[in-house]
Amino acid sequence: MRSPASPRPSFVAVLQKTIRVLTDGPAMLSVTRSSRRNFIREFLSFAAIRARWRATGGTGAQSRFKREVQERLGVLPQFFTPTEAAPELAEQLWAQAKAAYLDNPLPSLFKERLFVHLSRFCEVRYCIVRHVGFLIGKGNPAGDARAAPETIEQVNTLLSRPVLNAAQLEAVFARLENYTQPTNIPAPQTKAEEDLLDAITVMFVVPARSAQARAAVRRAVGDRSFEHITALLTFIRTAHYWTETHPEVGYETDMIMLMAQHQDLARRLLDTADAEWAHAGDALREALTGQLQVLNTELQHRTRNLLSVIQVIFDRTLSKHTTLKSFADVFSSRLDAISSVQAYLSRLVQGEKVTFDGLLRTELAAHAVSLKQITLEGPVGVRLRSSTLQTFALAIHELVVNAVKYGALACPTAHLTVRWEVEQNEEQPPLLHVHWRETGVNIIHIDDIPMQPGYGRELIERALPYQLRATTHFEVMPEGVCCSISVPVLA
C-alpha cells in the first residue's frame, strides 16, 4: 500500500515512463518487428494507459482534495472518503458543505451547535459523533480554526435538552414573534438560543407543519439569516441521509478514543440511538399533532364567534331599516366586510398576524376611493390580536362606509386623515392609538349623517370597549366625523 504522504504521479509522468519502457526496455530487443508493433499498439492504447495510471494512484487531485478537507476541518472525516463506484461525489459533497455549512456567514459555534442538536434526530450516529468532536476541539467547529471549542460538560447539556410539547412550543413561538425587529444570532447557552434551536427543530423534523415556526424564526433573525439557516438545514439533511445510506462510514480514531475516555458522553452519543432520540422525533411529531388539535379547537371557537357576530349584525341592521332593499344593501355590505377580513387572513402564512395598516388599506381599496383625498400616517406593521380582529375590522369598515356615503369621501373637496401610533408600556400590552378625522365636508352631507346611534356608532362606543378593552370617542364635528380608538395590540 502506498504511504499517504507519497506523491502520486501525474498522467504525463506515467506516459513518459511508458515511452522509456518501449524505447529502452531490453525485452523489446528479442521480438520481431511485427510483434513489437502489435505490442506497442496495445501497450499505448488509451484503456491500457488509463488502467496503469489508476493503478499508480491517479493524479494528485485526490491528494489536494484530502489536504483541503483536512486543513479546513482539522481532521479528515470518513464522510468525505470517495466511494469506489462514484469517487467524484466526495468532492461534490465537499462543495455543498462549503457553500451551506463552512462558508455560511452564520456564527461558527451556532452552526456547529445546531448541527449537533439536529443530529440527535438521526438514527445513524456518525454525524452526531463527528460534529460533537468538532464542537469540543477535535477538529475545527464549522471549519473555523479561530472558534473557541466548548467543554464536554457544555456539550452534554446541549445533548440533554428535552423535546418540547405543544404548549411549550407555543410559548417559544410567541417569544420569537414578539421581536420588534430582527436581531443577531444569539450567543451560545442563552435562552434566546434555546428558543431559536427549538423553532428550527420543528422546521427540520416536520417541515410540512412548520409554517408558524418558519414565520417566528424569520421575524426573530430577519430574512437573510433565515435563508442561511435554511441552507444549513439542507446540508445537515444531506449528511444524515448520506450516512443512513452508507453505513460503512465509520467513526474516526480520535472520537473512538474520546468516547472510551468519557463514558457518559459515549452513552449520550451511542447507547440511546434507537430508543431515546428516535422516539424524540416521534414525540415532537406528537407535540405538533397536539398543537394542530389546539388550532382546530380555536378554529371551531372562532367560527362560533363569527356566526354570533353575523347574527348580531343581522338583528341590528334589521331594526334600523324598514324596506327589504335598504336592509339587503347594508347587510350585504357588512357581510362583505367580514368576508374581506377572512380572505385577508387566509392569504397570510400561519403564525403571521394582520397589521393595522394592511387592514386599513385593504378596506379602503375595497371601496375604490381616491387616495388623493386621504392622508395615512403611522408606523408600518403594527400587528393586531387575532382574537379581537373581527370586531376591530368591522369598526374600521363602518367608519369607511360612513365616510363614503356621507362624509369626507363623498365630497370631492373634503379630506380624510388617519393617524396612528403605538404607546409602549412595560407593565401593560402596547396600545395602538388611531385618530380618524374628516375635514371639509359639505354642510349638506353633514346634515345627512344619522345623528341617532346606529350600528356603526354603537359598535365603536360600546362593543369595542367591552370586547377589546378599547377606549373610544366618536363625534360628528361641523367639518365631519372625528373618532379616536385606543386598543391593545401585540408587541
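In which sense, left-handed or right-handed, does α10 cross α11? The answer comes below, after an outline of the chain in this predicted model.

## The chain as a whole

The chain holds 19 helices and 5 strands, and of its 491 residues 43% count as buried. Its accessible surface comes to about 26000 Å², with 55% of that area belonging to carbon and sulfur atoms.

## Helices α10 and α11

Helix α10 covers residues 191-205, and its axis comes within 10 Å of the axis of α11, the two crossing at roughly 55°. That angle makes α10 oblique to α11, and the crossing in which α10 passes α11 is right-handed, which settles the opening question.

The residues that α10 brings to this meeting are L196, A199, I200, V202, M203, F204 and V205. On the side of α11 they meet a set of residues that includes A213, R214, V217, V221, F226 and I229, and also T230, L233, I236, R237 and H240.

## T243 in helix α11

Helix α11 spans residues 211-245, and T243 is found in it. With a relative accessible area of 1%, T243 is under the 20% cut-off and therefore counts as buried.

Once its neighbours within four places in sequence are left aside, T243 is in contact with F79, C122, V124, Y126 and C127. For one of these residues, C122, the separation from T243 is 121 residues in sequence, whereas in space the two are 9.3 Å apart from C-alpha to C-alpha.

## The two sides of helix α8

Helix α8 is made up of residues 152-159, and among them I152, V155, N156, L158 and L159 are buried. Seen down the axis of the helix, the buried residues of α8 fall within an arc of 160°, so they line one face. On the other side of α8, E153 and T157 are exposed.

Between H397 and L360, which lie 37 residues apart along the chain, the C-alpha atoms are separated by 8.6 Å.

Methods:
Residues numbered from 1 in each chain as written. Predicted model: local features only at pLDDT ≥ 70, side-chain atom pairs only at ≥ 80, totals over all residues. Heavy atoms only, no water. Helix = DSSP H or I, 4+ residues; strand = E, 2+ residues; numbered from the N terminus. Buried < 20%, exposed > 50% of the residue type's maximum accessible area, 1.4 Å probe, protein only. Contact = heavy atoms within 4.5 Å. Areas by Shrake-Rupley, 256 points an atom, 1.4 Å probe, with all protein chains shown as cover. Arc of directions from axis to C-beta. Axes fitted to C-alpha atoms, helices over the stretch in contact; angles between N-to-C directions. Parallel < 35°, antiparallel > 145°, perpendicular 65-115°, else oblique. Left-handed = near helix turned anticlockwise from the far one by under 90°.
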